Amino acid sequence: MQKLKELKTRSIRRVFIANRGEIARRIALGAHTIGIESAAIYSGNAPPAFLEGWVQHFIKVPEESPAIYLDSDLMVQLALQSGSDAVHPGFGFLSENASFAAKVEAAGLVWIGPSPAAIEAMASKAAAREIAKQEGVPVVPGIERLTLDDNIDSKLPLVKGFVQEHGFPILLKAALGGGGKGMRVVRSESELPEAMRRAQSEALNAFGDGSLIIERYVEYPRHVEVQILGDSYGTVYALSDRDCSVQRRHQKIIEEAPAPQLGPKTRSSMHEAAVRLAQSVGYSSAGTVEFLVDWSEDKRQLPEQSFYFLEMNTRLQVEHPVTEEVLNEDLVVWQFRIAQGEAIADRLNLEPQGHSIELRLYAEDAAHGFLPAPGPVHGFLPANLPGIRWEVGIDAIDEITARFDPMICKLISTGSDRAQAIARLEDALKTTVLALPISNVAFLLSVLRHPAFALAAPSTRFIEDHRSELDAWIAGERQRWEALVPSLCPNDSPAASGSRTELSELTQRIFRKKPRNEDLRDIMLGETHSVAVPRRFPQRHSRVGRGLFRHNAGWQSFVFCQSSFPGGSLQWVAIDGHPFIRQNKSDELLAAARTQASGSAISAPVPGKIVKILVKAKDAVQERQVVLILESMKMEFEVQASRAGHIGTVLVQAGQQVQADEQLVIWEQAPDT
């Protein structure tokens, strides 16, 4: 009873948010709901506008970088400097670092999350698998933890022995990681050595530990997770479940709650397993237990599907809003209440109502391997419609930096059923202005409109299995609208002084001729907004808006953005979620663009660090041969030769940081033209 009294009298006045972007805003909103002030860091000439209305205390740092958010001593120092009495880690960075949690508590601050002991128990996927087995939670057969050294070949016999017993394919994944980093599917013995090296390298870069887990690969799994919430008195509840099966590069892009088409026995058993596992480590606060459900054709119709423990996330999840929406609960507020010593008792709603789906909007190029595409946000105007919730991490004018994950924001819709939630998502995507060079909006629409997604039973292979159909739909929709775009561009586009128009290859195709306007009549502009210029970007100006045009037998909506900035201007139009861009560049930028387009070099597809160089001068290479490995945003990307030829000069070294489009390798001679 003494412990109960101490916990109940522990109050939080101000919380330091050891994170950034949309999760920092989400935490600040939750804190504000119950009268707690927030503090956060920023760099540059002003804090982000999306935080300024909710964070009361800012601390300026020289340059915002992942290194700052991963420095546990600095985070504790900044928390104390801000006058906070609690720390919320959000997700990512130090959120699942037991040492950081312990340092926070040692400094006399309240840690908003599970105890350091609980975090430590689940930090290693290998150790978590052992605990799960002890608690009777099913796990996929595997080698718990494989510690690698420079002589990877010495570990091959152990892995080959596992393959002889369980067969190919197998899955390699980081023992201390998540988010798809350090993960490789191996389907043949010849792939093993290089796959192990690459998985080890990614795991080491992302998590500081190159240890791997080897598992039998489940070919057609669904990724289903159970939201748990526990207090400091041993009470743990399962708060519904979520399906997170639509993924690219083993990272989620669509999540929904509750998980559709699960058998009632499967759902019940999964919830019980999650609670049992959490109680075994004394878990408190919000967390998630993730499972794979075998969704093979011959097993999905069984009364009870097979499921296997995947991992436990000892933090708040990116996808927590869908659970909040169907239960009408605030998980961030509950985290604060539990940290202050409140008991959950019977105060939770455990019966989901309706259906909720979350889309992760990324600055990435879906057409080219989902490569990150950092760059300017010329204008952002979210559609605020019934049943729509936004988790925003950008301002109306902003910049997507290569230093961090390329997720821009999250769009959540809730409806009385799944069909209504999907329809609301489509409407929101079509009427949102998200004017940046590349995003995944059109790709997300292609998934939402695919008949297989409507069946509500996607496996994690959904994108892989339907990729050609998704790409064909996007191409068809672009072709459907492209001839109409020039007539929709507002006439009073701002232009930079001394600029002239030059179109990218894609834009030349779109704007190559004037449209035949017999099918395009009565353009009506609806709302237009002159975007408030954030203090961080005083030289950039934009106007955004929505409109309708009469096309064939009905009205079609469109959105647009006009932007001016140092070096040029831009017109951006999106019809039915498909964006079209025309840029006006200054003479200096045009000259640079022509140099880059010479075709005499292999350039970096994204900003990042050179991890490995696989060629040298005079080497003969084939088209699509991998010449370098580039690490960006904690993922490794293969830089391939665009043609067959001979290497002239390698311009970079391993460990070097490079920018997007920076020349990496010069060909021995220019390609034929």
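Analyst: Rings of Phe, Tyr and Trp, with the six-membered ring taken for Trp, count as a pair if their centres lie within 6.5 Å. The model is a predicted one, and by this rule the chain holds 12 aromatic pairs.

User: What makes the pair of Phe-370 and Phe-443 edge-to-face?

Analyst: The centres of the two rings, Phe-370 and Phe-443, are 5.1 Å apart and their planes stand at 80°; since planes over 60 degrees apart count as edge-to-face, the pair of Phe-370 and Phe-443 is edge-to-face. This pair links distant parts of the chain, with Phe-370 in the loop between strand E16 (364–365) and strand E17 (371–372) and Phe-443 in helix H15 (residues 441–448), 73 residues apart. Both Phe-370 and Phe-443 are buried.

User: Why is the pair of Trp-481 and Phe-549 called edge-to-face?

Analyst: Their ring centres lie 6.1 Å apart, within the 6.5 Å limit, and their planes are at 80°, over the 60 degrees required, so the pair of Trp-481 and Phe-549 is edge-to-face. Trp-481 belongs to helix H17 (residues 462–481) and Phe-549 to strand E26 (residues 541–551), and the pair, 68 residues apart, links distant parts of the chain. Trp-481, Phe-549, Phe-558 and Phe-560 form one aromatic cluster.

User: How do you know that Trp-481 is buried?

Analyst: Buried means under 20% relative accessible area, and Trp-481 has 0%, so Trp-481 counts as buried. Phe-549 also has a relative accessible area of 0%, and therefore is buried.

User: What makes Arg-478 a charge over the ring of Phe-580?

Analyst: The charged end of Arg-478 sits over the ring of Phe-580 at 4.3 Å from its centre, where the distance limit is 6 Å and the position must also fall within 35 degrees of the ring normal. Likewise, the charged end of Arg-222 sits over the ring of Trp-295, 4.4 Å from its centre.

User: How do you know that strand E20 is mostly covered?

Analyst: In strand E20 (residues 388–392), 5 of its 5 residues are buried. Ile-388, Trp-390 and Val-392 point one way from E20, while Arg-389 and Glu-391 point the other way, and all are buried. In a regular strand the side chains alternate between the two faces of the sheet.

User: What makes E20 and E22 a pair of strands?

Analyst: Pairing asks for at least two bridges, and 5 bridges join E20 to strand E22 (residues 407–415), the two running antiparallel. Within this pairing, Trp-390 stands opposite Leu-411 in E22.

Methods:
Residues numbered from 1 in each chain as written. Predicted model: local features only at pLDDT ≥ 70, side-chain atom pairs only at ≥ 80, totals over all residues. Heavy atoms only, no water. Phe/Tyr/Trp six-rings, centres within 6.5 Å; stacked < 30°, edge-to-face > 60°. Helix = DSSP H or I, 4+ residues; strand = E, 2+ residues; numbered from the N terminus. Buried < 20%, exposed > 50% of the residue type's maximum accessible area, 1.4 Å probe, protein only.
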